Structures are given as structure tokens and as C-alpha cells.
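Q: Could you take a close look at the salt bridges in this model and walk me through the parts of the chain around them? I would enjoy one connected account.

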Amino acid sequence: MKDDEYQFRVGDIVKEKDFITIGFDAQMTGIVIAVNSTFHLNERVIHDRLTIMWFETGAQEEMPDVLVELVSSVIDIKK
């Protein structure tokens, strides 16, 4: 993850990026229930793996953080 990018946290609300959806499917929205920051290259975190529970289905899915966008943060990110 780059230093200037948001680091996802448990409790954040996210939605799939639009290029993930297929056909007429709508972007799903969910809550981050786990963050795994152990994916490294040369001792730097490349990206976090998120476990997300989708509101629409209740299903849980693990995916890289680059495939979702932040809807609402559990912390105040205003500067």
C-alpha cells in the first residue's frame, strides 16, 4: 500500500469498484470484518487483503483492497 493511500480498518463500509461488476449486476456494498496486512514485497506492504461481509447477500469474501472503494470510514479522515 502506498503511504498516501487510505488504510482500511475493520468497520469501514466499502463497495466494489465498478470494473468488478459483471453485466447488469449492481456494485455490492459491505463492511470490512478483517484486514490482513501480511502481503509484502521487499519488506513493504503491497496491499491489504480485506475480508468483507456483503450487505446484499450476507456472504463473506476476501479480496485485495485495490478492488474496493471507501464509502464510510470508522475514523475521521477529514483534514
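A: Happy to. A salt bridge here is a side-chain nitrogen of Lys or Arg within 4 Å of a carboxyl oxygen of Asp or Glu. By that rule the count comes to two salt bridges. Please keep in mind that this is a predicted model, in which local features need pLDDT of at least 70 and side-chain atom pairs count only at pLDDT 80 or more, while totals for chains, interfaces and linings use all residues. Residues are numbered from 1 along each chain as its sequence is written, and side-chain values use heavy atoms, with hydrogens and water left out.

Let us start with Lys15 and Glu69, whose side chains meet in a salt bridge at 3.5 Å, N to O. Because Glu69 lies in strand S7 and Lys15 in strand S1, the pair ties together parts that are 54 residues apart in sequence. Strands (E, at least two residues), like helices (H or I, at least four), are DSSP runs numbered from the N terminus. As for accessibility, buried means under 20% relative accessible area, exposed over 50%, and partly exposed in between, with a 1.4 Å probe and protein chains only. Glu69 counts as partly exposed at 30%, and Lys15 is partly exposed at 26%.

S1 (residues 13–16) has another partner in S2 (residues 29–36): three bridges join these antiparallel strands. There, Ile13 stands opposite Ile31 in S2.

Now for the other salt bridge, where Glu62 pairs with Arg49 and the closest N and O atoms are 3.1 Å apart. This pair links distant parts of the chain, with Glu62 in strand S6 (residues 60–64) and Arg49 in strand S5 (residues 49–54), 13 residues apart. Glu62 is partly exposed, with a relative accessible area of 45%, whereas Arg49 counts as buried at 19%.

The loop between S5 and S6 holds Ala59. Ala59 is partly exposed, with a relative accessible area of 36%. Leaving aside residues up to four places away in sequence, Ala59 touches Ile52, Met53 and Trp54, where contact means heavy atoms within 4.5 Å. The C-alpha atoms of Ala59 and Gly30 are separated by 9.5 Å, with the two residues 29 apart along the chain.

How values were computed: Two strands pair if DSSP finds at least two bridges between them.
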